[in-house]
Amino acid sequence: MTDVPMVLADRVSKSFGSNHVLRSISLEVPRGEVLCLVGPSGSGKSTFLRCINHLERVDAGRLAVDGTLVGYEERGGKLYELRPKVAAKQRSDIGMVFQKFNLFPHMTALENIIEAPTLVRGISKSKALARGKELLDRVGLANKAGSYPAHLSGGQQQRVAIARALAMDPKLMLFDEPTSALDPELVGEVLDVMKGLAESGMTMIVVTHEMGFAREVADSVVFMDDGVVVESGRPDDVLTNPQHARTKAFLSKVL
Amino acid sequence: MASHTPVALSDSAAEQAEVIKAIKLRHPWRNVFAVIVLLALALFVIDAAQRPAYGWETFGKYLFDQRISQAALNTLILTVLSMVIAVILGVALAVMRLSPNPVVKGVSWLYLWIFRGTPVYVQLVFWGLFATIYKTIEFGIPFTDPWATLTTDDFLDVFWLAVIGLALNEAAYMAEIVRAGILSVDKGQDEAATALGMSWLQTMRRVVIPQAMRIIIPPTGNEVISMLKTTSLVAAVPYSFDLYGRSRDVSAAIFEPIPLLLVASAWYLLFTSILMVGQYFLEKRFSRGVGQARPDKPSLLTTPTTVQGTESTK
């Protein structure tokens, strides 16, 4: 069982109409590792991330999380669409952090965190509250439990969003450009939290433009362009010594 | 003319600049216009006060007449009951309309098509004839002997037919208001809730609808006010113990229609004024967590307040 990679993509394709966003993406994320997806905007990184969480449906290929097919069930050689309840159960085990935070603005930081555990997992409110406070403390916001998102800085909102995702005890965390909407001086606090998470052994896929973070934290880096994986490997190899011309061109612009 | 001398920067940064005391811009035409309007209004009021056709004595006599105040209460009850039913049904219809299930969506569409497509007056007449069309209501499996049979006249009096008629019509409009509110909520909210493993219904109930409330409440306030006045159409059912119906009855008995119209109008105005104040507090309650969305003061205008800062990224 432990040999099964956390995420396994086998020739995954996805198009919106005539726009082929993903073209035969194959990659593997072993348990406990951090994968950074880099590449120009429109290269399909975010779409791929959303496919893993079944927010988008894959058109071709197979995508499996923890050995289980995402969004479909295979029986007797045929694929069956999952019932919404089963799909929701799959998603509840995968944490997702968005570029625009997407905190619930009508709930306080703590209420944001305990909402899904109590509603989806059926955890008692007192237990969820205790765990929520613990998570807020972990992201360094113990004193902001009662604040509404509108009264938090972008960096604080994103850290609450990370705590909210962690409250579901996910086995995999997906980050969709988590620092792109932040003021430069607030990026560090969010990356620090993510670094701590990586050190604790969480399996993570991070779409990011923060090359310093990728170099320091990632176990592997995948460079995508125009819906295909151009290059992948250890961060030092891909980021310092890229083989492909497109990777070189991209890195020369962002570094 | 302003001089073009560049403004010299102060030598010491600590030194505070002088507070600006500019001469206020004057608006002489505003004052002239205000005087004209006030004069016209005063003329109208003085004339109306002396005009015998208004029958102010009769107005004073019947304003707090027991029959009228009882009718005013009936009108209020009609409004509240039909609005409560309309809001609940409207939310259900709006959620159904946005449901991924095409059958449920179709049912909602059909309902809206019929109830928005025909005049409320005509609908009320139809409800009045309900007991004629359906003399009995049978419970059971079709084409077999019914388990229970109810005579329509026995359990549906004209009051309840009026409530049903008003509520079902209003629900169609409420559904559109609620739908607009739901659609105004940022798509990312839906995504975040879905990613957390919440079901579609949970997402609606806990995340989307509470946020949509801010958009829904101002026009709903208008609908309540509008409903209060639409109740005067229940004569079509015919239910005649509402404010307008009762004042018509009284005026028919004393042969003085105008003062009683004024009496009814005074009561309608009183109620709508109270509703406007209530709407202000509701709007305040549902702007929780969104700093600038609060209305500054109760507005006497019935136009919906524009809500700013709806983006969750703020």
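**Exercise 1. State the volume of the second largest pocket and describe its lining.**

Solution. About 470 Å³ of space lies in the second largest pocket. A pocket is an open set of points on a 1 Å grid over the protein atoms alone, with protein on both sides within 12 Å along at least five of seven lines. Grid points are joined across faces, edges and corners, and a volume is the space filled by probe spheres set on the points.

The model is predicted: local features need pLDDT of at least 70, side-chain atom pairs count only at pLDDT 80 or more, and totals for chains, interfaces and linings use all residues. Residues are numbered from 1 along each chain as its sequence is written, chains are lettered from A and ligands numbered from 1 in the order in which they are written, and side-chain values use heavy atoms, without hydrogens and water.

Next, the lining (residues with an atom within 4 Å of a point) comprises 22 residues, with B:Val87, B:Thr220, B:Gly221, B:Val224 and B:Leu282 nearest the centre. Helix 3 of chain B contributes the most, eight residues. Helices are DSSP runs of H or I with at least four residues, and strands are runs of E with at least two, numbered from the N terminus.

Finally, the lining has 17 nonpolar, five polar and no charged residues. Ala, Val, Leu, Ile, Met, Phe, Trp, Tyr, Cys and Pro count as nonpolar, Asp, Glu, Lys and Arg as charged, and the others, Gly among them, as polar.

**Exercise 2. Carry out the corresponding description for the largest pocket.**

Solution. The volume of the largest pocket is about 1200 Å³. Of its 37 lining residues, A:Arg91, B:Pro100, B:Asp190, B:Thr194 and B:Trp200 are the closest to the centre. Helix 2 of chain A provides the largest share, seven residues. By class, 15 lining residues are nonpolar, nine polar and 13 charged.

**Exercise 3. Determine which strands stand at the edges of the six-stranded sheet of chain A, and what packs on the sheet.**

Solution. The open sheet has the order 8-9-10-3-11-12, with mixed pairing; two strands pair if DSSP finds at least two bridges between them. Strand 8 and strand 12 of chain A are the edge strands; each has a single partner, so one side of each lacks a neighbour in the sheet.

Strand 11 and strand 12 of chain A pair in the antiparallel sense over five bridges, and A:Met224 stands opposite A:Val229.

Helix 1 (residues 45-52) of chain A packs on the sheet and touches strands 3, 8, 9, 10 and 11 of chain A, contact meaning heavy atoms within 4.5 Å.

Technical notes
1 Å grid on protein atoms, 1.4 Å probe; cavity = no way out; pocket = protein on both sides within 12 Å on 5 of 7 lines; lining within 4 Å. Axes fitted to C-alpha atoms, helices over the stretch in contact; angles between N-to-C directions.
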